[in-house]
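Visitor: I would like to go through this model with you. Could we begin with what the terms mean?
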Amino acid sequence: MHDIRVIRDAPDAFDAGLARRGAEPAAAAILDLDSRRRAVATRMQEAQGRRNEASKAIGQAMAKGETTLAETLKAEVAELKQTLPAFEEDDRQLSADMNDRLAALPNAPADDVPDGADESANLEQARWGDRREFSFTPREHADLGPPLGLDFETGAKISGARFTFLRGPIARLHRALGQFMLDMQVTQNGFTECAPPLLVRDEAAFGTGQLPKFSEDLFQTTDGRWLIPTAEVSLTNAVQGEILDESALPIRLTALTQCFRSEAGAAGRDTRGFIRQHQFEKVELVSIVRPEDSEAEHERMTAAAEGVLKALCLPYRRMLLCTGDMGFTARKTYDLEVWLPGQDAYREISSISNTGDFQARRMNTRYRPAGEGGKKTAFVHTLNGSGLAVGRTLVAVLENYQQEDGSVAVPDALALYMGGMTKLEAIG
């Protein structure tokens with residue numbers, strides 16, 4: 001959500017930010033609604049004030065025996081009581097219209113975000129790790145995985161396309177990856193482990209920007225709740241509507257959860273394999289910080305996600321996303337792309353975003369700065385990212401650790417989580 005005061009003060013700059021996101025100018029329409037709302041609010045306050053004055057004057061007139069004046073004042077009060085509901089309804093409707101317009105607009109990009117229409121304009125910032133030289137032609141995980149227990153056919157039989165049934169050692173490897181990531185984020189990076197709800201109300205999905213614009217990307221239950229597309233929704237909304245003490249910040253939360261996405265906009269993309277599923281697991285990272293700390297926290301969170309890839313010895317690159325490739329709520333995003341030798345390509349495995357105060361305004365989450373006498377409050381900044389997507393990390397391990405005989409070596413970092421198993425082999 002945007003600050004109406006920013007739009008009033010600099011409408012041209014606001015529209016310029018929208019243009020960088022590929023959105024049409026909106027300042028004039030919003031300011032028109034704002035002007036009409038403020039005019040109605042002023043008239044409503046004046047009417048309320050006059051009603052109170054007249055009501056008080058009635059008693060004074062009666063005490064003085066001025067019955068004619070008292071009756072005139074009573075008539076005026078009665079008329080004001082009939083007029084006020086119309087003002088209140090106009091104020092409510094104009095406020096709702098303005099908020100709806102504001103809620104539909106994407107976050108403004110940070111100054112250092114490159115302009116561009118799509119991923120082709122993203123900027124590579126760094127690479128890590130040596131890509132393995134194979135003595136054989138590496139296979140894609142969709143070909144390598146089925147003998148190891150990555151069962152696409154059973155998943156499709158039970159649930160349809162974009163569902164997979166994992167069995168045997170590969171199911172254990174998948175579980176090991178999630179536990180390893182979660183432990184690493186808690187013990188090494190200071191995040192607090194959480195087990196949040198997987199079903200949320202409209203208010204929570206609105207707070208993090210999934211509603212109303214992206215409802216088609218979500219799954220909804222028959223009682224109106226939404227299955228989370230990421231634990232970002234549950235974790236960030238843990239502070240929904242709160243006024244936090246500055247001493248409580250930063251708040252760093254993490255969770256390993258199931259996630260659910262309809263993939264409505266992904267028709268024809270990654271239909272083969274384990275890359276894009278309707279149900280998947282992810283370790284989510286969320287930080288709630290003071291505004292002046294959010295840029296440094298963004299770098300810290302990105303390093304926390306990178307640490308998992310380094311521990312697993314998976315080559316990757318860091319990308320700074322352009323304006324046309326960022327998510328709706330983000331003001332700046334880094335993508336981590338892992339190298340997949342079977343596909344001969346880098347693929348996204350984590351996206352880490354700084355949303356500034358955009359989500360905080362939607363959630364109405366503030367903090368009380370120390371030294372302000374306990375009166376002044378300000379919106380927090382929120383950040384979120386994957387640390388990492390478990391299924392995509394499984395894909396990366398399969399493709400990078402594959403052997404010529406079809407087996408897959410287990411990364412050393414997972415030894416304790418795999419009970420001594422050193423490789424995955426075809427199951428009977």
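Predicted model: local features only at pLDDT ≥ 70, side-chain atom pairs only at ≥ 80, totals over all residues.

Visitor: Good. Which residues of H12 are buried, then?
Guide: Helix H12 covers residues 390-400, and eleven of the eleven are buried, so the helix is largely enclosed by the rest of the structure. The buried residues include Gly391, Thr393 and Asn400, together with the charged residues Arg392 and Glu399.

Visitor: Now another place. Where does Thr230 lie?
Guide: Thr230 is in the loop that runs between strand S7 (226-227) and helix H9 (232-236).

Visitor: Buried or exposed?
Guide: Thr230 is buried, because its relative accessible area of 4% falls under the 20% limit.

Visitor: And what does its side chain make polar contacts with?
Guide: There are polar contacts from the Thr230 side chain to the side chain of Lys282 at 2.9 Å and to that of Glu284 at 3.2 Å. Beyond its neighbours within four places in sequence, Thr230 also touches Cys259 and Arg261.

Visitor: Let us turn to H2 and H3. At what angle do their axes cross?
Guide: The axes of H2 (residues 11-20) and H3 (residues 27-63) cross at roughly 135° and come within 9 Å. The two helices are therefore oblique to each other.

Visitor: Which residues meet there?
Guide: From H2, Pro11, Phe14 and Asp15 meet Ala27, Ile30 and Leu31 of H3. By class, this contact has five nonpolar residues, one charged residue and no polar ones.

Terms used:
Residues numbered from 1 in each chain as written. Heavy atoms only, no water. Axes fitted to C-alpha atoms, helices over the stretch in contact; angles between N-to-C directions. Helix = DSSP H or I, 4+ residues; strand = E, 2+ residues; numbered from the N terminus. Parallel < 35°, antiparallel > 145°, perpendicular 65-115°, else oblique. Contact = heavy atoms within 4.5 Å. Buried < 20%, exposed > 50% of the residue type's maximum accessible area, 1.4 Å probe, protein only. Polar contact = N/O pair within 3.5 Å; in protein donor to acceptor, adjacent residues only side chain to side chain.
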